[in-house]
Amino acid sequence: MLETTALACERGGLRLFSDLGFALDGGGLLRVRGANGSGKTTLLRTLAGLTRPAAGTVRWRGSAIGELGETYGSEMLFLGHSPAVKDELTVLENLEFSSRISGLEIPQSKIKNALEQLGIARLSNLPAGHLSQGQRRRTALARLALPNPATLWLLDEPFAALDDEAIERVSALCAAHLAAGGLLVLTSHQDVAIAAPAAQTLELPAAASIELRG
Amino acid sequence: MRGFAIIARRDLRIALRRKGDVLNVLVFFVLVASLFALGVGPEPNQLRAIVPGVVWVGALLAALLSLPRLFAADFADGTLEQMLVSPQPLAVVVLAKIAAHWLSTGLPLALAAPLIGLQYGLPSEALLVLLASLLLGTPVLSLLGAAGAALTLGARGAGALLGLLLLPLFVPVLVFGAGAVTASLTGINPSAHLSLLGAFLAVSSLIGPWAACAALRVALD
């Protein structure tokens, strides 16, 4: 369903990787690994359609994502480095907004349930400005616990700043998503176990050659 | 259309919770407009002649003060990125943010302007023209300002850069906005000036959001 052919990305005139090709199907997990600056985030942003690749294409269900436009947006969930949590809004309002903007109309009980799953239900009426780094992260990740039509999850360092308990909850949500036939691309420095029907690891080296291990 | 309402409502809610920012712009406007009276001296006729320009320049500078924040906060915390990958068309996102910006800065400025006009002793007919000219002109500031704010996103010293970029573009609005009030003061029908302001509004509502969208895509690449 998600495939790349001869993908090459550059950042600030520097070639990060080239000739990258992989295919990911329903239930597939792709872990992207590599040293700092090897292009993990750039790869994820390219898959999300935020960054244009220097060469090659990203295809979703057979068509290039550039042509899919907004329909791709409703099938894909991207969580980047910045948690996109607004200080002025409460935790509940933040989650409400991020679900609405992705085109979902979700009753408040389900939103509260999602916050509960991430262990931040008691903070729901607190302005996000008072949250710790980890709690902010949890607020952003609570989107994963909402009833979600997005088939493809692109998560950039989802476990950063989380404690063991939260890591466990998030990896359980990821496993459930994969078991239901979803796709997951993930960058992480931590080795978090996620049960997946099909798992691949993509190693982004500092050099230009790319290794793909099944 | 739903996306527009969601984003505009969120931006207005944030503006309401950061009342300081909105008040800053208004107080700045009133102060700038009032300082001229102190600088020029107490001669009423002389003052009345310069009010249209004074109020309009004050409104331009106050709008300029608020514009760097239009996209910067959403850019810094990743919200803009989320809006770009969301199923909402970027043009809707930009238009909603522009609408919220105008409601939280342009509209208060337009409503405060007649009070300043009153302070300078403008006749009631000129006050109405002043209000009309600002109601037509301040949306232009938000629309073109959005393009400027998107272009300077992430740049160091974005505020100063924004002034250099936008003030020349604001000149026609200033000329015809202040011109409408001056015309009404001298007994000329101001409708020609106001029509031209309306034309600027129509043109900038096409150009501004389009340029802002293009600039945002580049900024987030």
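Which residue of strand 8 of chain A does A:V32 stand opposite? In this predicted model, A:V32 is placed opposite A:T187, a residue of strand 8 of chain A. The pairing to which these two residues belong joins strand 3 of chain A with strand 8 (residues 183-187) of chain A in the parallel sense, over four bridges. Strand 3 of chain A is also joined to strand 9 (residues 198-204) of chain A, again in parallel, and here the number of bridges is seven. Within strand 9 of chain A, the residue that stands opposite A:G34 is A:L204. Strand 3 itself, which spans residues 28-34 of chain A, is mostly covered, with five of its seven residues buried.

Chain A also contains an open sheet of four strands, arranged in the order 2-1-4-5 and paired in the antiparallel sense. The edges of this sheet are formed by strand 2 (14-24) and strand 5 (63-64) of chain A, each of which pairs on one side only. Strand 1 (residues 2-11) and strand 2 of chain A run antiparallel and are connected by seven bridges, and A:L7 has A:L20 of strand 2 of chain A as its bridge partner. Helix 1 of chain A, comprising residues 40-48, lies across strand 1, strand 2 and strand 4 (55-60) of chain A, and runs at about 125° to strand 1 of chain A.

In chain B, the packing of two helices was examined. For helix 1 (residues 2-17) and helix 6 (residues 90-119) of chain B, the axes come within 8 Å and cross at roughly 35°, and the crossing of helix 1 of chain B past helix 6 of chain B is right-handed. Helix 1 of chain B contributes B:G3, B:F4, B:I7, B:A8, B:D11, B:L12 and B:A15 to this contact, while the residues contributed by helix 6 of chain B include B:V92, B:L95, B:A99 and B:L103. Sorted by class, the residues of this contact between helix 1 and helix 6 of chain B comprise 12 nonpolar, two polar and two charged.

Attention was next given to buried positions. B:V55, which is located in helix 3 (residues 44-66) of chain B, counts as buried because 28 C-beta neighbours lie inside 10 Å, the cut-off for burial being 20 or more. Although B:V55 and B:A33 are 22 residues apart in sequence, their C-alpha atoms are 5.7 Å apart in space. When neighbours within four places in sequence are left aside, the contacts of B:V55 are B:A33, B:A113, B:I116, B:G117 and B:L130.

The largest nonpolar core contains 130 residues, and those with the most contacts inside it are A:L154, B:A59 and B:A150. Helix 7 (residues 124-151) of chain B provides the largest share of this core, amounting to 15 residues. For B:A150, with neighbours within four places in sequence again left aside, the residues in contact are B:F71, B:A212, B:A215, B:L216 and B:A219.

The contact between the two chains, finally, takes 24 residues from chain A and 20 residues from chain B. On the side of chain B that touches chain A, helix 1 and helix 5 (79-85) of chain B each supply at least two residues, and helix 5 of chain B gives the most, with six residues. By class, this side of chain B divides into eight nonpolar, six polar and six charged residues.

Terms used
Residues numbered from 1 in each chain as written. Chains lettered and ligands numbered in written order. Predicted model: local features only at pLDDT ≥ 70, side-chain atom pairs only at ≥ 80, totals over all residues. Axes fitted to C-alpha atoms, helices over the stretch in contact; angles between N-to-C directions. Left-handed = near helix turned anticlockwise from the far one by under 90°. Contact = placed C-beta atoms within 7 Å. Nonpolar A, V, L, I, M, F, W, Y, C, P; charged D, E, K, R; others polar. Pairing = 2+ DSSP bridges. Core = buried A, V, L, I, M, F, W, Y, C linked by C-beta atoms within 7 Å. Buried ≥ 20, exposed ≤ 12 C-beta atoms within 10 Å, placed from the backbone.
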